[in-house]
2 protein chains.
Amino acid sequence: MDKNSLVECHDRIKPYIHNTPVITSTQINRMTGAEIYFKCDNFQKMGAFKMRGAANAILQLPEDKKANGVVTHSSGNFGQALALAAQSIGVKAYIVMPSNATEIKKTAVKGYGGELIESESNVESREATAQEVVESKGATFIHPSNDNNVILGQGTACKELLEDYNFLEYVITPVGGGGLIAGSALAAKYFGKDCSVIGAEPLVVDDAYRSLKSGKIETNNTTRTIADGLNTQLGDKNFPIIQKEVHSIIRVTEDEIIESMKIIWERLKIVCEPSCSPALAAVLKDKKLFNNKKVGIIISGGNVDLNKLPF
Amino acid sequence: MDKNSLVECHDRIKPYIHNTPVITSTQINRMTGAEIYFKCDNFQKMGAFKMRGAANAILQLPEDKKANGVVTHSSGNFGQALALAAQSIGVKAYIVMPSNATEIKKTAVKGYGGELIESESNVESREATAQEVVESKGATFIHPSNDNNVILGQGTACKELLEDYNFLEYVITPVGGGGLIAGSALAAKYFGKDCSVIGAEPLVVDDAYRSLKSGKIETNNTTRTIADGLNTQLGDKNFPIIQKEVHSIIRVTEDEIIESMKIIWERLKIVCEPSCSPALAAVLKDKKLFNNKKVGIIISGGNVDLNKLPF
């Protein structure tokens with residue numbers, strides 16, 4: 001995917017997304033020794049960067065496909081993003097979610113006009129249920145992270161960041177399914193001035209770190225992280241981009257994730273998900289690497305259950 | 001205090017404050033039936049609007065007074081604000097705080113370079129301790145809310161809001177000591193186009209509401225609100241302004257305050273204090289008054305103890 005495809009993607013989705021603000025904190029800079037620019041996609045429509053990729057994927061469908069709608073399986077932000085993007089564009093969205101997902105998440109999808117379709121909670125049931133919708137409705141399946149149009153869309157957050165702050169030496173993103181980091185790496189390649197993209201990953205689900213070591217897509221065992229948006233693995237579309245373009249992946253502990261989340265809330269006065277927090281944790285973990293460096297951090301989302309905070 | 005005094009105040013403090021962002025939420029607008037513009041002074045330096053008034057009060061001192069420093073008694077945001085403003089301007093600040101104040105608050109004041117002086121927790125001891133500093137150090141006492149320079153400074157948040165959104169029909173602020181609402185009322189008078197300022201006050205500490213009814217400054221009994229920044233009463237400097245310029249005061253319950261705080265965190269993705277939340281609660285309480293109206297809300301601060309959240 002070349003520079004022009006990212007430019008065209010950004011132009012295409014601009015009517016459907018916010019160019020989110022970038023904020024800084026003197027105190028966090030003092031704490032880390034780095035000069036950090038936080039790109040706040042927690043302020044993105046529906047509260048996460050996933051809106052970008054969802055909008056691009058739908059907009060790239062031919063009209064006859066759009067008429068039949070789109071479907072995904074996601075209990076997280078991508079389900080909400082696809083629902084809202086589809087509603088904004090005027091397309092039907094079917095969102096497959098396990099029946100044991102929280103009411104908050106179900107309500108959010110329905111609030112954005114998505115048609116909720118419940119499955120069992122295992123991956124097989126989710127996938128089979130989505131496949132049924134593809135067959136019965138003619139809807140197009142959109143994968144949350146392993147889709148070139150989604151990857152390009154997610155890259156626009158980093159593109160916006162570098163358009164405003166082209167002096168950044170590093171951009172750090174969390175790594176889950178790989179869409180955000182792959183898109184960010186493309187954006188840094190095309191719009192940065194010698195800007196390296198680094199991934200931040202929970203130690204307990206370090207599949208991406210191990211994948212880069214082994215050269216093939218690794219999976220996680222059943223261990224779960226508080227950064228629940230990162231309980232996923234890379235795919236065959238984004239892994240080659242990550243292999244080629246990403247500088248490295250820094251792994252952080254659960255305690256480090258929670259501590260960084262607290263720092264973000266207390267110092268930046270913003271609500272972010274645990275899944276955002278590994279990026280700041282990585283800077284705190286490797287102070288030597290980032291000392292006196294200009295670092296961008298993508299705050300990936302702000303959809304938090306306030307009744308289940310880790311502090 | 002005329003229009004020019006507010007313009008001069010704003011010019012004077014600009015090097016020491018942020019012009020904070022204004023954010024909106026389609027969903028909150030749908031929920032309330034109003035069109036709300038949130039002025040985010042939780043993103044102000046040290047995390048609250050109090051920075052504005054503190055900076056102005058110090059900058060208005062003659063040089064010989066500045067040389068002896070400033071003193072206040074506050075266990076809340078004004079103590080931190082005076083410490084940081086003084087540090088920024090190059091003046092010594094003595095902050096009297098009860099010895100039983102939380103470590104977080106003590107650390108914050110010291111972190112901003114303030115000299116912490118502990119007192120007993122009753123008002124008499126705080127005032128006597130501050131008076132001792134005035135006498136022994138020659139420091140100037142700055143009141144957190146009942147001081148014309150503080151009132152003017154606090155008014156600059158509303159001035160900034162109206163400079164960007166001059167079509168606002170109402171601006172709502174929380175009411176505690178009266179500095180913010182008095183300053184906002186002056187700003188609305190001079191910079192609004194027929195813009196009314198409304199106060200929002202916890203029902204359990206509704207001294208300002210009762211003061212407007214009775215025509216004299218009323219006090220609260222010992223009842224405490226979760227909006228702990230509002231556990232204060234008006235003063236002889238700000239009360240006449242409030243009497244003359246404020247439209248009305250809307251009282252809200254503790255449950256309404258917590259519910260509004262949750263809506264702000266969930267929808268706006270920002271961290272705000274309970275003391276901010278009565279303003280949105282007022283819109284939800286009196287939907288008829290605000291129906292289809294363009295309403296500004298001052299988000300007054302974001303310094304929250306994350307270990308003591310009400311949800």
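This is a predicted model: local features need pLDDT of at least 70, side-chain atom pairs count only at pLDDT 80 or more; totals for chains, interfaces and linings use all residues.
Which hand does the crossing of α3(B) and α5(B) have, left-handed or right-handed?

Let me start with the two helices. Two packed helices are described by the angle between their axes and the distance between the axes. In chain B, helix α3, which covers residues 50–59, packs against helix α5, residues 77–89, at an angle of about 50°, and their axes are 8 Å apart. As for the opening question, the crossing of α3(B) and α5(B) is right-handed. On the α3(B) side the contact is made by K50(B), M51(B), A54(B), A55(B), I58(B) and L59(B), and among the residues they meet in α5(B) are F78(B), L82(B) and I89(B). The residues of this contact comprise 12 nonpolar, 1 polar and 1 charged.

Now to the sheet of chain B, where 6 strands form an open sheet with mixed pairing, in the order β1-β2-β10-β7-β8-β9. Strands β1 (22–23) and β9 (246–252) of chain B stand at the edges, and because each has a single partner strand, one side of each is left without a neighbour in the sheet. Further in, strand β7 (residues 170–174) of chain B pairs with strand β8 (residues 196–202) of chain B in the parallel sense, over 5 bridges, and V171(B) stands opposite V197(B) in β8(B). Helix α13 of chain B, residues 278–285, lies across β2, β7, β8, β9 and β10 of that chain, and runs at about 105° to β8(B).

Most residues other than glycine have a negative phi. D194(B) is exposed, with 8 other C-beta atoms within 10 Å.

In chain A, N292(A) lies in the loop between α14 (287–290) and β10 (294–299), and its phi is a positive value near 65°. N292(A) is exposed, with 8 other C-beta atoms within 10 Å.

Finally, how do the chains meet? In chain B, 15 residues are in contact with 15 residues of chain A, and the side of chain B that touches chain A divides into 8 nonpolar, 4 polar and 3 charged residues.

Note on methods
Residues are numbered from 1 along each chain as its sequence is written. Chains are lettered from A and ligands numbered from 1 in the order in which they are written. Two strands pair if DSSP finds at least two bridges between them. Helices (H or I, at least four residues) and strands (E, at least two) are DSSP runs, numbered from the N terminus. Two residues are in contact if their C-beta atoms, placed from the backbone, lie within 7 Å. Axes are lines fitted to C-alpha atoms, for helices over the stretch in contact, and angles run from 0 to 180 degrees between N-to-C directions. A crossing is left-handed if the near helix is turned anticlockwise from the far one by less than a right angle, and right-handed if clockwise. Ala, Val, Leu, Ile, Met, Phe, Trp, Tyr, Cys and Pro count as nonpolar, Asp, Glu, Lys and Arg as charged, and the others, Gly among them, as polar. A residue is buried if 20 or more other C-beta atoms lie within 10 Å of its own, exposed if 12 or fewer, and partly exposed in between; C-beta atoms are placed from the backbone.
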